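Here is a briefing for a reader new to this structure. Look over the sequence and the model, then read on.

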Amino acid sequence: MTNMAWVAGLAFWEAIVLVLFAIWILKVSSDATRRERQFEERIRRLEDTLAARGLSTGPAPAPQSVSLPAPVLVAPAPPPPLAAPAPAPKPRSAMSVSQMEEWVGSVWLQNAGSVLVLVGVFFLILWGYSTGKLGPEALVAAGVAMGLGFLWRGDRVTRTTPAFGHALLGIGVGIVYLSLYVGHVQLGVLPRAVALTLLVLVSIGSIPLGLRYRVQTIAMLGVIGAFVPPLLGAWLPLAGFALGPATLLAYLAGVGLSVYALSARAGWSRLDLTALVLATITWGASVTGSWTWPIEIGLAAMFVLYGLAPLPATARRPGKPRVSDMAVIAMAPFLFTLVSVSFIASADRHAVAVLSLVLTAIYAAAAAWTDSVRPERDLWKALTAASVLFLTLGLQRAVGDQSTTMAWALEGLFLVTFGLRAKSGWLRGCGTVVTAVSVLALVFRLGEGWSAAGAFPFLNAHAVRDLAAIASLLVGSHVLGRERSRLSSDERFLAEGWTLLGNATLAAWLARECSILALRVSSSDHLLWATASTGLAWTAQTAVLFARGLQARAVLRWAAYTLAMLTLVLGVDVLIVYGFNITPGEQAVVFVWLVVLAAAMTLCDRLASVRADLPKTEWKMPEAWTLGIVVLWMAWTACEAQFVAAWIGADARREAVLSAAFTSAAWLAEATVLTILGWIRKAAFLRWVGLGLFGWTVLKILLIDLQRVDVFWRFLSAVLAGVALLAVSYAYQRKRRLEAATETASPVVSPVEN
């Protein structure tokens, strides 16, 4: 039963290895086959073109004639053959079912079989050792001999079947590599120094072998064979295959030597990408926990070489880079950061910052060199992105968690500003990404410290750092707005986005600091004072936004509208929920909201006076703002009526009666004021709001007040409400009569009301 389970597990892992590695080899081999077919097709087209030109220029005696017609007839003949290569897409569309079958049968099965042979040889050596059929020395020698046999046979087969011969050569290199590896790690035949030396020699030996045949498949299979033992040793419970971080790093570096050379010399980026991914998987599966600084520096050097190895050949190659070229350059920094997360979290942050800044300088220098030798900026973008990544990480480690948000915001501002000066949309995009990350971090930080009782509001270190980050956002929005002409069409809303983010975070910062201020003023009434001071601070911010928004900046006006509505909603909520239970000592809080109300009225009046200069989408904003002010006014007067009733009343019942009566009286007074203002300002909206408030108050009196009060207060409430309504009715009728008399006496048309 144990043997069956072992066989089933072996089959399972072989299937996984097949899925993981066959895809990479498939791509390489299929590209080689496709290039060979394209080359043959080009040769055929060239032969057809030459044959066509030969037929048209066939009559050679023409130059002996002095007459002009002969050259004229010969000269226009070549153009028709030049048009013959026009139907070039035919080979691409000729992909038939039979060709697909041939591709699967020849390429896919070859790649899958090559990988399975390497895995099978690995387990064959283990089987021979575990059963005692052969001694350790004999097993290693047999494995090396088998690999050399594959190399010899592959060299012979390449003369007749090149692709299959290349696969045999790659299998041979892989068998030699894993035989030496198993001979040291599991069998103990080879000392560590000897084993590592031989492994490095085999890895370097694949360089001339791959360059001789000019095929990546050979080197690809050799690299996969080198990674098979440590990968399977990490995934399967194979005793004796666990390597320490230092030994594993030395092994991976030895494998990488040939990869670096082939990538830099021949531009084989697919080989580099395969080795990069396998090295990342191997390290992550084999090493857990932390390691020492020399190992981390070695890891950094290995990943940097993986990422920059194909750069020399790719930078000088004309045309668009291949997908594999861009992938290996872009993925190497991110994969290094991924495998180093545990080390970065536990190591000294200043040392990590130094390493990150060194990597920043390396990638920045590579980007500068690429920009000098290549007119396109495709590779430059990937390199600058890596440099920005390490710069962001280095700043975070250098300043610590408390100042990370400020550092990232300043970095984003610097990148955007530098991108404007350098006319680089990519740098501006990187700066925007860094700024977005800083905003996310700032949002989390703004959620802290709301109850910091011992802190000094607005001037504590926590607040100053966050304010510096917010200031960077606001400065960036100003710079982007001023340099809008340098932005592309995709960046036309960048300044507005920065403006909204800056003002939103500023509003949250003000709310948090006002909460700290409230703790210093009164710890028992903390919530009332916090909301009141927040409303006052938001009103001041609204005034600034509105003043700047009138200078043809619509985004600032809409930010002011939004913040004003939030302030009014906050005031109404606080006054309704807490205002009816305030004590005489808390009256100062209520009067703070009266200041907010007065400021809101002033701003709304200013907005109505410049309505004609605003876009049509904003013409109704004064009315919406007015409704919010009226609701806050009603809540404030109801709160004050409750306080006056509590001050006068002798018991709870009398207090309720007086509160209802005073509230209705205050609302009637507000309705009267609104109606009079509507007449004075010739504003029909104000008059309609006044009439609506009259109706609302009358309904309150009929449905609520008359049910609570005694007979006398019912009489008084009904009489006062009736008198107020009659007075308004009389005023309307008198106004109508005066207007009719004016129209009869003078033909001048009265001005149209708003």
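Which residues in H22 meet which residues in H23? The answer is given below, under the packing of these helices. This is a predicted model, in which local features need pLDDT of at least 70, side-chain atom pairs count only at pLDDT 80 or more, and totals for chains, interfaces and linings use all residues. Residues are numbered from 1 along each chain as its sequence is written, and side-chain values use heavy atoms, with hydrogens and water left out.

**Whole chain**

- The chain has 28 helices and zero strands. Helices (H or I, at least four residues) and strands (E, at least two) are DSSP runs, numbered from the N terminus.
- Of its 754 residues, 46% count as buried. Buried means under 20% relative accessible area, exposed means over 50%, and partly exposed lies in between (1.4 Å probe, protein chains only).
- Take the contacts between residues at least 6 apart in sequence: 76% of them join residues at least 24 apart. Contact means heavy atoms within 4.5 Å.

**H22 and H23**

- From H22, the residues in contact are Leu528, Thr531, Thr534, Gly535, Trp538, Thr539, Gln541, Thr542, Leu545, Phe546, Arg548 and Gly549. They meet Leu556, Arg557, Ala559, Ala560, Leu563, Ala564, Leu566, Thr567, Leu570 and Val574 in H23.
- By class, this contact of H22 with H23 holds 12 nonpolar, eight polar and two charged residues. Ala, Val, Leu, Ile, Met, Phe, Trp, Tyr, Cys and Pro count as nonpolar, Asp, Glu, Lys and Arg as charged, and the others, Gly among them, as polar.
- H22 covers residues 526-549 and H23 covers residues 554-577. They pack at an angle of about 160°, with axes 8 Å apart. Axes are lines fitted to C-alpha atoms, for helices over the stretch in contact, and angles run from 0 to 180 degrees between N-to-C directions.
- H22 and H23 are therefore roughly antiparallel to each other. The classes are under 35 degrees for roughly parallel, over 145 for roughly antiparallel, 65 to 115 for roughly perpendicular, and oblique for the rest.
- The crossing of H22 and H23 is left-handed. That term applies if the near helix is turned anticlockwise from the far one by less than a right angle, and right-handed applies if clockwise.

**H11 and H12**

- H11 (residues 269-286) packs with H12 (residues 293-308) at about 155°, their axes 10 Å apart. That makes H11 roughly antiparallel to H12.
- Their crossing is left-handed.
- Asp272, Ala275, Leu276, Ala279, Thr280 and Trp283 in H11 touch Ile295, Leu299, Phe303 and Tyr306 in H12. This contact has eight nonpolar, one polar and one charged residues.
- The buried residues of H12 include Ile295, Leu299, Phe303 and Tyr306. Glu296 is also among them.

**H17 and H18**

- H17 (residues 378-399) and H18 (residues 404-421) pack at about 145°, with axes 9 Å apart. Their crossing is right-handed.
- Val388, Leu391, Thr392, Leu395, Gln396 and Val399 in H17 meet Thr404, Ala407, Trp408, Glu411 and Leu415 in H18. Seven nonpolar, three polar and one charged residues make up the contact.

**Two single residues**

- Trp152 sits in H6 (residues 136-157). Its relative accessibility is 49%, so Trp152 counts as partly exposed. The C-alpha atoms of Trp152 and Leu168 are 8.8 Å apart, across 16 residues of chain.
- Gly254 belongs to H10 (residues 245-266). Gly254 counts as buried because its relative accessibility is 4%. Gly254 and Leu198 are 56 residues apart in sequence, with 9.7 Å from C-alpha to C-alpha.
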